[in-house]
Amino acid sequence: MSSRPTSAAGAESLNIALPASLRAERRGKVAILTLARPQKRNALDDTTVLGIETFFTSLPDDIAAALVHGEGDHFSAGLDLSELQERDIRQGISHSSMWHRVFDKIQFGKVPVVCVLHGAVVGGGLELAAATHVRVAERSTYYGLPEGSRGIYVGGGGSVRLPRLIGVARMMDMMLTGRTYAAEDGQAMGLSTYLTEPGEGFAKGLALAERIASNTALTNFAITHVLPRIAEIDPGSGYAVEALISSIAQADAEAKSRLTAFLEGRAGKVTRPE
Ligand code: 1HE
């Protein structure tokens with residue numbers, strides 16, 4: 001896995017001040033965030049989590065999608081356990097709330113986010129991945145929630161996001177029994193929606209992010225901000241919100257020019273999967 005790319009070909013620097021555990025660059029309209037603490041298996045200490053917030057709240061206006069990946073043999077070992085000292089209840093709540101705030105900046109931020117997974121994706125690392133919109137897993141990926149056996153509990157929004165991906169029963173099993181899932185199982189149950197060979201996830205993730213960046217900003221907003229909200233409300237309210245957001249999206253000048261392009265034979269057709 002030493003062949004994993006640490007930087008995208010043609011990438012330029014992105015001027016966002018980040019801690020040493022993170023690196024930012026851009027390739028065209030895609031901002032790339034690298035978890036760059038492989039010596040600690042990309043464990044997420046407070047500095048790193050706050051740096052993730054800085055990245056997602058500082059993206060330039062011409063960025064249209066983001067990609068998150070990790071250096072080394074593992075995507076992320078989750079919460080930095082060395083920081084879990086003698087927190088009292090109030091400090092624990094404030095720490096968990098900080099993770100919630102930061103990961104909300106990913107899920108409900110300015111742009112859609114693609115995540116490339118490999119090696120261990122555990123605990124808070126899985127919570128981070130769950131806050132992104134499209135997950136690509138290399139076959140080396142495995143998933144776990146070791147909180148159960150460490151005497152703690154997920155605190156980065158896992159209880160909210162993971163049951164929506166894999167169901168309460170599977171999450172309970174992972175936490176109660178320490179069960180881990182391989183990449184192929186994760187793909188089958190919805191933790192990832194793309195599966196690649198080792199070393200190929202970054203290129204796939206970047207291609208997907210570039211494709212996402214070519215959508216209109218309004219459509220991407222509807223998909224990432226409105227769709228998950230509609231999925232949480234009663235069907236009648238959902239239809240009303242859907243009618244509103246679809247009419248807003250189609251009234252956009254860019255939508256009209258794309259529809260015209262298709263009708264005049266200048267836009268791509270929908271093709272079978274490869
Ligand atoms: C760490 C961490 C960490 C590694 N916090 N330092 N997460 C866990 O319970 C997962 C704990 N980690 C592991 O199970 C393994 O480290 C891995 C399977 C991820 C990787 O194994 P390996 O053999 O490649 O690495 P290693 O030798 O275990 O670790 C290398 C170094 O990283 C070592 O430090 P060193 O100074 O001795 O070199 C480890 O101590 C360090 N390291 N993982 C701190 N997690 C918001 S709530 C979320 C709650 C959670 O995320 S709980 C899950 C915590």
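Visitor: What makes strand 6 and strand 8 (residues 142-144) a pair?
Guide: Strands count as paired if DSSP finds at least two bridges between them. Strand 6 and strand 8 have 3 bridges and run parallel, so they meet that cut-off. In one of these pairings, alanine 120 stands opposite tyrosine 142 in strand 8.

Visitor: And what am I looking at?
Guide: A predicted model, where local features need pLDDT of at least 70 and side-chain atom pairs count only at pLDDT 80 or more, while totals for chains, interfaces and linings use all residues. Residues are numbered from 1 along each chain as its sequence is written, and side-chain values use heavy atoms, leaving out hydrogens and water.

Visitor: Why is the sheet in the order 6-8-9 called open?
Guide: It has 3 strands with mixed pairing. Strand 6 (120-122) and strand 9 (181-182) are the edges, each with a single partner strand, so one side of each has no neighbour in the sheet.

Visitor: How do you know that strand 7 is mostly covered?
Guide: Buried means under 20% relative accessible area (exposed is over 50%, partly exposed in between; 1.4 Å probe, protein chains only). In strand 7 (residues 134-138), 5 of its 5 residues are buried. Val134, Val136 and Glu138 point one way, Arg135 and Ala137 the other, and all are buried.

Visitor: Which strand does strand 7 pair with over 3 bridges?
Guide: That's strand 10 (residues 194-196), in the parallel sense, with valine 136 opposite tyrosine 194. Strand 5 is also joined to strand 7, by 4 parallel bridges, and valine 114 has valine 134 as its bridge partner.

Visitor: What makes residues 46-57 a helix with a span close to the expected one?
Guide: A helix is a DSSP run of H or I with at least four residues (a strand is E, at least two), numbered from the N terminus. Helix 1 has 12 residues.

Conventions:
Expected span 1.5 Å × (residues − 1).
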